[in-house]
Amino acid sequence: FIAALGVRISEALSCRLEHWDRNSGTLFLPDSKTGERHLILNPTATSILQTQSEKYGSSGLVFRGKNENRPMARPVRAWKAVLEKAQLNDGMVTPHTLRHSHCSHLLMNGVDQFTVSKLMGLSSTACIQRHYGHLSNQTLAKANSVISDVIEQSISKKEEP
């Protein structure tokens, strides 16, 4: 869920099924770090919410603990199971790593910084620029290579008889 949406672990643990609007494909987070926000859901996140709603019904916490009115108390145990299944037992990958990976993949695939900052629930692009500027440089280099290819193709066409 964190990898699919780039949410903070606290946001994931506080998600409620009744805040999922199936018609609009959004999830409302009333108490995010940066205030309330609406998430646009992708198919992966929607599938997770669907699975949880089949398990728990249409209301309550998405990721609940033993007490259904409280979030998972020990997400670390669940996280370790995920890492074991993915064969990532080096101790370096944390749930927050998934948030960073989400952001990095968006940027590396050409999504602009403004859009990424909005999707991540950030109040400005400053954090994106500070932590992911090197990825922007990769995008700039890729853009420059496109222009180089256009120039090369243009020269090749003029040289043809």
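Which residues lie nearest the centre of the second largest pocket? The first legend answers this.

**View 1. The second largest pocket has 15 lining residues.** R8, H96, R99, L122 and C127 lie nearest its centre. This is a predicted model, where local features need pLDDT of at least 70, side-chain atom pairs count only at pLDDT 80 or more, and totals for chains, interfaces and linings use all residues. Residues are numbered from 1 along each chain as its sequence is written, and side-chain values use heavy atoms, without hydrogens and water. A pocket is an open set of points on a 1 Å grid over the protein atoms alone, where a 1.4 Å probe fits, with protein on both sides within 12 Å along at least five of seven lines; lining residues have an atom within 4 Å of a point. The volume is about 230 Å³, counted as the space filled by probe spheres set on the points. α5 and α7 (126-159) each supply at least two lining residues; helices are DSSP runs (H or I, at least four residues) and strands are too (E, at least two).

**View 2. The largest pocket holds about 470 Å³ of space.** Its lining has 20 residues, with F1, I2, F63, M72 and A78 nearest the centre. Helices giving two or more residues include α1 (2-5) and α3 (43-56). α4 gives the largest share, 5 residues.

**View 3. Strands β2 and β3 run antiparallel.** The partners are residues 26-32 and residues 35-40, joined by 5 bridges; strands pair if DSSP finds at least two bridges between them. A hairpin links β2 to β3 through 2 residues. L29 stands opposite R37 in β3.
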